[in-house]
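Dear colleague,

Please find the structure below.

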Amino acid sequence: MSEINKILGFFGLIFLLTYPFQLHSQEGEERVGQAGAFELLINPWARSSGLSGANTASVRGIESVYLNVAGLTGTNKTEIMFSNASWFGDISINSFGVAQKVGDTGVMGISFMSLDFGDIMITTEDNPNGGVGTYSPQFMNLAVSYAKKFTNRISGGFSVKLISESVANLSANGFAFDTGIHYETGSRNQAKFGITLKNIGPGMAFNGDGDDVTLNGSNGYDQTYEIRSADFDLPSLLNIGGSYDFLIESDHRITVSGNFTSNSFSKDQLLFGTEYGYKSYLMLRMGYSYEKGILNDFDEGRTTAFTGFSTGFSVEIPVSEEGSSFGLDYSFRPANPLSSVHTIGARIDL
């Protein structure tokens with residue numbers, strides 16, 4: 001009876017989490033372009049991006065901070081992860097994360113992501129061809145997370161994210177919350193379910209000297225005016241996912257994952273992923289992200305540079321008898337007409 005009560009409580013929590021989102025959300029496709037801070041939608045990690053982000057239910061460790069923070073409870077002791085992504089060839093994304101088990105059932109995590117746009121030539125009305133210097137935009141996100149295992153089958157967690165965007169003499173700062181829950185069942189916990197709300201927070205706005213303009217006033221003197229920037233919303237979304245592990249003897253595993261993403265400011269998505277694992281040493285994965293119009297050309301309604309497919313692999317090398325390991329991750333996401341995205345990462349599990 002206690003197990004039934006826990007399951008009912010789990011689904012009650014799902015309802016409480018999703019009801020406000022469903023109540024206030026509109027059709028995302030009709031609101032495209034009305035939000036900002038879209039770097040919050042970039043998956044910087046190699047493992048989950050190789051599955052197209054379909055593993056909301058099965059993601060574990062510090063990488064779960066992006067998909068479903070409840071998966072942090074999969075950290076055994078201490079986990080450190082680095083990642084670099086070449087975003088469409090021109091932007092470099094660097095990420096770092098560390099997770100530490102706290103007590104018997106809790107895990108704390110800190111993750112950081114920065115976007116390097118390189119140097120961009122400054123142009124003005126008087127110098128449309130540049131020649132007056134360069135500037136480099138800086139986008140950074142910092143997340144502090146906590147997850148707890150309430151029972152052997154149910155976990156939950158939350159993240160607080162600090163958002164910073166700066167370009168020339170303008171900057172915008174804000175914060176957002178993520179929350180997620182995870183449930184697993186089966187004789188070997190092979191069936192998993194996860195749900196998460198992401199990027200819930202107040203609007204942001206750019207401020208600084210960059211929005212000032214100097215004009216000649218009616219009194220004959222130059223006067224400085226401030227052009228105030230309008231607030232913009234954060235790209236909130238809801239993820240609902242499930243996965244199942246097909247365990248073949250004791251050495252082989254095939255995991256099938258699916259996920260539905262309801263975006264507040266862009267098209268909804270259906271995500272699919274498959275991963276093969278040989279023990280904990282080798283993992284091969286493939287994913288597909290579907291949204292309306294993705295099979296069309298840009299002039300026929302496609303609104304994303306990605307073509308939908310993704311693939312990747314991980315190699316884990318044991319380094320001690322206590323269970324410590326070192327892993328290398330890679331993912332590939334083809335894009336058209338922009339350059340495809342390559343992501344490589346390293347993971348240390350102590």
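Does Phe158 count as buried, partly exposed or exposed, and at what relative accessibility? Phe158 counts as partly exposed because its relative accessibility is 43% (buried means under 20% relative accessible area, exposed over 50%, partly exposed in between, with a 1.4 Å probe and protein chains only).

This is a predicted model, in which local features need pLDDT of at least 70 and side-chain atom pairs count only at pLDDT 80 or more, while totals for chains, interfaces and linings use all residues. Residues are numbered from 1 along each chain as its sequence is written, and side-chain values use heavy atoms, with hydrogens and water left out.

The structure holds twelve aromatic pairs (rings of Phe, Tyr and Trp, the last by its six-membered ring, with centres within 6.5 Å; planes under 30 degrees apart are stacked, over 60 edge-to-face, the rest tilted). One of them, Trp87 with Phe306, is edge-to-face, at 5.6 Å centre to centre and 70 degrees between the planes. Trp87 is in strand S1 and Phe306 in the loop between S15 and S16, so this pair ties together parts 219 residues apart in sequence (strands are DSSP runs of E, at least two residues, numbered from the N terminus). Both Trp87 and Phe306 are buried. The rings of Tyr146 and Phe158 are tilted, because their centres are 6.5 Å apart and their planes at 55 degrees. Tyr146 lies in strand S6 and Phe158 in strand S7, so that pair joins parts twelve residues apart in sequence. Tyr146 is partly exposed, at 27% relative accessibility.

Regards

How values were computed: Helix = DSSP H or I, 4+ residues; strand = E, 2+ residues; numbered from the N terminus.
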